[in-house]
Amino acid sequence: LSSSQLLIGEQSDILNCVAEDGNGGGIAVLGQAFILHSQIENCTASLGGAIWAEGPESNVTLGDGTTLNNCNSQMGGGVYASLGALLTLSGAEVSNCQAQLGGGIYASLGSIVGLSSSEVTGCESETGGGIYINNSTFIGESSQVTDCIASYAGGGLYVNNTLTVSIIDVSVTGCRSGYQG
């Protein structure tokens, strides 16, 4: 999707997708995407197992009832956001996703991640089991990061060189890492 708008809603399913040698197993976004009451499941890509968004024109909203489940990639098992992309989760869930960096969510290079009334659960990676934030902004409110695992650092959250972090009423429980955090 490039420089346009995409609306996915009302019980839509994106299942068992593979981006061989590419990005965004379920969806690649270079514009706006609104996903409501839908699921993306069992998808695989190099970057962004379920969703890949890159650049300041990329704006992805995962709204009420949206689930990303069992997706995997090298970075951002559920979602990969980079180079100024905006990612908003409101009433959404990212579960059982895997990556080397950011099992559930990966954000870097000036991206903005907003997490509201959402959950990241059961995700795994080397660093940032649930969420990996590097040189970006993270705003979390009334959300949960649960049962995520990092073999190295940041079982629930890994935050590095970050521009802004705001966490209000966010619980990180049952997460673990092999070395730090």
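Predicted model: local features only at pLDDT ≥ 70, side-chain atom pairs only at ≥ 80, totals over all residues.
Residues are numbered from 1 along each chain as its sequence is written, and side-chain values use heavy atoms, with hydrogens and water left out.

The chain has 22 strands and 0 helices; both are DSSP runs numbered from the N terminus, with helices (H or I) needing at least four residues and strands (E) at least two. The C-alpha trace spans about 40 × 30 × 30 Å along its principal axes. Of the 181 residues, 48% count as buried, where buried means under 20% relative accessible area, exposed over 50%, and partly exposed in between (1.4 Å probe, protein chains only). Contacts (heavy atoms within 4.5 Å) with a separation of 6 or more come to 81% from residues 24 or more positions apart. The accessible surface amounts to about 7,400 Å², with 46% belonging to carbon and sulfur atoms; these areas come from the Shrake-Rupley method with a 1.4 Å probe, and for residues only the protein chains shown count as cover.

Turning to the strands, pairing requires that DSSP finds at least two bridges between two strands. Strand S14 (residues 112–116) pairs in the parallel sense with strand S11 (residues 86–90) over 5 bridges, and 5 bridges also join S14 to strand S18 (residues 137–146), again running parallel. Ser116 in S14 stands opposite Ser90 and also opposite Glu141 in S18. Elsewhere, 3 strands form an open sheet with parallel pairing, in the order S16-S19-S22. S16 (124–127) and S22 stand at its edges with a single partner strand each, so one side of each is left without a neighbour in the sheet. S16 and S19 share 3 bridges, and Ser125 has Ala150 in S19 as its bridge partner.

The loop between strand S15 (119–121) and S16 holds Cys123. Cys123 counts as buried because its relative accessibility is 0%. Leaving aside residues up to four places away in sequence, Cys123 touches several residues, including Cys97, Cys148, Asn96 and Asp147.

Finally, the structure holds 4 aromatic pairs. Rings of Phe, Tyr and Trp (its six-membered ring) pair if their centres lie within 6.5 Å; planes under 30 degrees apart count as stacked, over 60 as edge-to-face and the rest as tilted. Tyr132 and Tyr158 form a stacked pair, at 5.1 Å centre to centre and 20° between the planes. This pair links distant parts of the chain, with Tyr132 in strand S17 (residues 131–134) and Tyr158 in strand S20 (residues 157–160), 26 residues apart. Tyr132 is buried, with a relative accessible area of 10%. The rings of Tyr152 and Tyr179 have centres 5.3 Å apart and planes at 20°, so this pair is stacked. Here the partners lie 27 residues apart, Tyr152 in strand S19 (residues 149–153) and Tyr179 in the segment after strand S22 (176–177). Tyr152 is partly exposed at 39% relative accessible area, while Tyr179 is exposed at 57%. Ring pairs also link Tyr80, Tyr106, Tyr132 and Tyr158 into a cluster.
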